[in-house]
Structures are given as C-alpha cells and as structure tokens.
Amino acid sequence: MQSSESPETVSDKLKFYRCKNGYLQSEIADYINVDRTTYIRYEENVLSVYPIDKITLLAKLYKVEVCDLLDDYNKFLYNDQGKQIKKLRKRLSLTQLEMAELLNVGHSTLKQWEYNKANMTQENYLKIKSYLD
C-alpha cells in the first residue's frame with residue numbers, strides 16, 4: 001500500500017483499516033464470512049462494486065462510517081443511485097429516453113438504474129459524475 005495518509009480506493013481503504021487495527025486477511029475473511037482468496041480480491045483492486053453487507057460489517061468492526069470505506073462510485077451506489085440519477089435527469093430537463101441516448105444506453109437500462117434494479121456501470125458513472133450535486 002502507498003504511504004499516502006488518505007487512501008482513495010476501496011481496496012486501499014480496506015487494507016489501511018485492516019493494518020491499522022492489526023488484523024490478518026484471514027481474520028477479516030472469517031469475520032465477514034468469505035474465503036481468504038475472496039477477501040484478498042477486495043484488497044487487490046479487482047472489484048469495482050463491493051458487497052455492501054460485507055462493507056457494513058467491516059465498518060462496524062473498524063468503528064467507522066460505511067462511506068469511510070467507499071470510493072466515490074460505491075458511495076454513489078450506496079446513497080441511492082436511482083434517486084441521484086432521477087434528480088440529475090430532472091435538473092437537466094431530460095426525459096428518460098433523452099438521458100439514455102446521452103449516455104448511449106438503452107431506455108430500459110436507464111429505468112433499471114433509476115429503480116435501483118441494476119447498478120450503473122462505473123464507466124457511465126464517470127460520464128455523469130461532474131453533473132452530480
């Protein structure tokens with residue numbers, strides 16, 4: 001892990017808090033009920049979306065807020081992506097169809113995102129990130 005004081009990726013944050021609290025990867029894997037190899041993937045920046053139930057357990061263990069362990073993309077998903085997408089779409093005065101076309105996705109895909117039935121991809125999140133908030 002880099003010697004940076006404030007890790008930015010979920011992987012780096014998980015590694016930082018684990019080391020800060022003196023845990024082994026195997027102990028954390030047991031605590032969140034996953035194989036050690038699965039947990040290693042969490043710390044190796046292999047995943048783009050992290051299981052929120054596992055992150056919630058880790059936040060409790062480390063006595064931090066869930067969002068302290070998440071990067072911007074995972075915070076977006078955790079903080080109701082559908083509501084945020086709909087709010088942005090309305091602020092831009094776009095219909096679902098127009099926003100879908102803007103993002104180059106199908107109308108049904110955008111609807112799934114707005115109803116939290118599917119996660120917006122990280123690629124599409126990066127397209128709209130500058131318009132959020």
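A residue counts as buried when its relative accessible area is under 20%. By that cut-off, Tyr-42 and Tyr-50 are both buried. The model discussed here is predicted.

**Confidence and overall build**

The mean pLDDT over the protein chain is 93, and 95% of the residues reach at least 70. Helix 2 (residues 25-31) has the highest confidence, at 98, while helix 9 (residues 122-128) has the lowest, at a mean of 93.

The protein chain contains nine helices and zero strands. Read from the N terminus, the order of elements is α-α-α-α-α-α-α-α-α. Along the principal axes, the C-alpha atoms fill a box of roughly 50 × 30 × 20 Å. The chain has 133 residues, of which 37% count as buried. When contacts between residues at least 6 apart in sequence are considered, 54% of them join residues at least 24 apart.

**Aromatic pairs**

The count of aromatic pairs is seven. Two of them are set out below.

| Pair | Centre to centre | Angle between planes | Geometry |
|---|---|---|---|
| Tyr-42 and Tyr-50 | 5.9 Å | 80° | edge-to-face |
| Tyr-73 and Tyr-125 | 5.6 Å | 50° | tilted |

Tyr-73 and Tyr-125 are both buried. Elsewhere, ring pairs join Phe-16, Tyr-17, Tyr-23 and Tyr-62 into a cluster.

**Packing of helix 6 and helix 8**

Helix 6 (residues 81-91) and helix 8 (residues 107-114) have axes that come within 7 Å and cross at roughly 120°. Angles from 65 to 115 degrees count as roughly perpendicular and those over 145 as roughly antiparallel, so a value between these ranges is classed as oblique. Helix 6 and helix 8 are therefore oblique to each other. On the helix 6 side, the contact is made by Gln-81, Gly-82, Ile-85, Lys-86 and Arg-89. Helix 8 contributes Leu-110, Trp-113 and Glu-114.

**Cysteines**

The count of disulfides is zero. Cys-19 has a relative accessible area of 46% and is partly exposed. Cys-67 is also partly exposed, with a value of 23%.

**Loop residues with positive phi**

Most residues other than glycine have a negative phi. Asp-80 is not a glycine, yet has a positive phi of about 65°. Asp-80 sits in the loop between helix 5 and helix 6. The relative accessibility of Asp-80 is 30%, so this residue counts as partly exposed.

Asn-116, also not a glycine, has a positive phi of about 55°. The loop between helix 8 and helix 9 holds Asn-116. With a relative accessible area of 41%, Asn-116 is partly exposed.

Conventions:
Residues are numbered from 1 along each chain as its sequence is written. This is a predicted model: local features need pLDDT of at least 70, side-chain atom pairs count only at pLDDT 80 or more; totals for chains, interfaces and linings use all residues. Side-chain values use heavy atoms; hydrogens and water are left out. pLDDT is the predictor's confidence in each residue, from 0 to 100. Helices (H or I, at least four residues) and strands (E, at least two) are DSSP runs, numbered from the N terminus. A disulfide is a pair of cysteine sulfur atoms within 2.5 Å. Buried means under 20% relative accessible area, exposed over 50%, partly exposed in between (1.4 Å probe, protein chains only). Rings of Phe, Tyr and Trp (its six-membered ring) pair if their centres lie within 6.5 Å; planes under 30 degrees apart count as stacked, over 60 as edge-to-face and the rest as tilted. Axes are lines fitted to C-alpha atoms, for helices over the stretch in contact, and angles run from 0 to 180 degrees between N-to-C directions. Angles under 35 degrees count as roughly parallel, over 145 as roughly antiparallel, 65 to 115 as roughly perpendicular and the rest as oblique. Contact means heavy atoms within 4.5 Å.
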